[in-house]
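Morning, everyone. Please bring up the model on your screens, and let's walk through it together.

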Amino acid sequence: MAGHPILAGDLVKEPIHLMDTNKRVILGPGLRLQQEVVRASKCGQLKMKAPNTFWVDAYQKRYTPSRGELVIGVVTAKAGDIFRVDIGSSETASLSYVAFEGATKKNRPDVNVGDIVYARLLIAHPDVEPELVCVDSHGKKGKLGILHDGFLLNCSLNLIRKILNPKCTFLSLLAKELAFEMAVGINGRIWIRGKGVRETIAVGNAVLALEYVSNDRIRELCDDIVAYVQGFAK
């Protein structure tokens, strides 16, 4: 049954049962198909999304790039027409100057070393350097691009999955009381900008505390953060 803990190297029977009935199975992070059997490649909890998707939910900070995911990176260098971006993986990603909305050879984006960018992975393969873009399929930036000001947090990938879970009420509850902007990267990075420094730090502390708070205590956590900010405002 999905949801139980597994160790690296364990035989995972749940997806095999579906394969035996000739049903298509999707194996996510932490699972590998080896000679018609499925084994875990990392320790964690086996998760399943109906009807046929399996993965291992593991606590980790090292990010493995996957095509199409939204990530937050830091520009580390300029190399000709390419920006080098640290996305927290084993190697840096490339970001072309034309991968921004409206960018041309004469109209280059104002990107500098140290800037924080919110981007999507266009290419992600074990044998190929990751490549980023800051536009969607229509060439529009949407919410992608340079993130100005704000505060950047590094956290576990497990916390990112918790925040993005549709059942997590943290962001909706906090947004009713405090005004802030947030960008969440699947690579374990969160960018926050509040009305002021105090609000930004308060939201950041709440985000980091969320990892160790059960779902039934999320409202209590939000109330504590709001009381903290309002207390200083007085």
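Predicted model: local features only at pLDDT ≥ 70, side-chain atom pairs only at ≥ 80, totals over all residues.

Start with a sheet. Three strands make an open sheet, in the order β13-β15-β14, and the pairing is antiparallel. Which strands stand at the edges? They are β13, residues 151-154, and β14, residues 180-185. Each of these has a single partner strand, so one side of each is left without a neighbour in the sheet. From one strand to the next, the twist averages 20°.

A quick word on what holds such a thing together. Strands of a sheet pair through backbone hydrogen bonds, and the pairing is either parallel or antiparallel.

β14 and β15, the latter covering residues 189-194, pair in the antiparallel sense over six bridges. Find A183. Its bridge partner in β15 is W191. Next, find G185. Its partner in β15 is R189.

One is α2, residues 157-164, which touches β14 and β15. The direction of α2 makes about 125° with that of β14. The other is α4, residues 197-210, which touches β13, β14 and β15. The direction of α4 makes about 145° with that of β15.

Stay with β14 and β15 for the turn. How many residues sit between the strands of this hairpin? Three, and in this hairpin G188 takes a positive phi near 85°.

Let's move to β9. This strand covers residues 93-96, and both of its faces are covered. In a regular strand the side chains alternate between the two faces of the sheet. Here, A93 and L95 lie on one side. S94 and S96 lie on the other. Are these four buried or exposed? All four are buried.

Who are the partners of β9? Take β8 first, residues 82-86. Four bridges join β8 to β9, and the two run antiparallel. V85 stands opposite A93 in β9. The hairpin of β8 and β9 has six residues between the strands, and G88 there takes a positive phi near 85°.

Then take β11, residues 128-133. Two bridges join β9 to β11, and this pair runs parallel. Look for L95: it stands opposite L132 in β11.

On to another sheet. Four strands form this open sheet, in the order β1-β5-β6-β2, and the pairing is mixed. Its edge strands are β1, residues 5-6, and β2, residues 26-27, and each pairs on one side only. β1 pairs with β5, residues 44-49, in the antiparallel sense over two bridges. In that pair, I6 stands opposite G44 in β5.

Now two loop residues. First, E101. Where does E101 lie? In the loop between β9 and β10, where β10 is residues 116-125. Which residues is E101 in contact with, leaving aside its neighbours within four places in sequence? They are V135, G139, K140 and K141. Pick out K140. E101 and K140 are 39 residues apart along the chain, yet their C-alpha atoms are separated by 5.5 Å.

Second, D149. You will find D149 in the loop between β12, residues 145-147, and β13. Phi of D149 is near 55°. That is a positive value in a residue other than glycine. Is D149 buried or exposed? D149 counts as exposed, because its relative accessibility is 62% and the cut-off is over 50%.

Finally, zoom out to the whole chain. There are five helices and 15 strands. The C-alpha atoms fill a box of roughly 60 × 50 × 30 Å, taken along the principal axes. The chain has 234 residues, and 39% of them count as buried.

What about the contacts? Count those between residues at least 6 apart in sequence: 63% of them join residues at least 24 apart.

And the surface? The chain exposes about 13,800 Å², and carbon and sulfur atoms supply 52% of that.

Last item, charge. There are 31 positive and 25 negative side chains. How far apart do the centres of the two sets lie? The answer is 2 Å.

Key
Residues numbered from 1 in each chain as written. Heavy atoms only, no water. Buried < 20%, exposed > 50% of the residue type's maximum accessible area, 1.4 Å probe, protein only. Contact = heavy atoms within 4.5 Å. Areas by Shrake-Rupley, 256 points an atom, 1.4 Å probe, with all protein chains shown as cover. Lys, Arg positive; Asp, Glu negative; His and termini not counted. Charge placed at Lys NZ, Arg CZ, Asp CG, Glu CD. Pairing = 2+ DSSP bridges. Axes fitted to C-alpha atoms, helices over the stretch in contact; angles between N-to-C directions.
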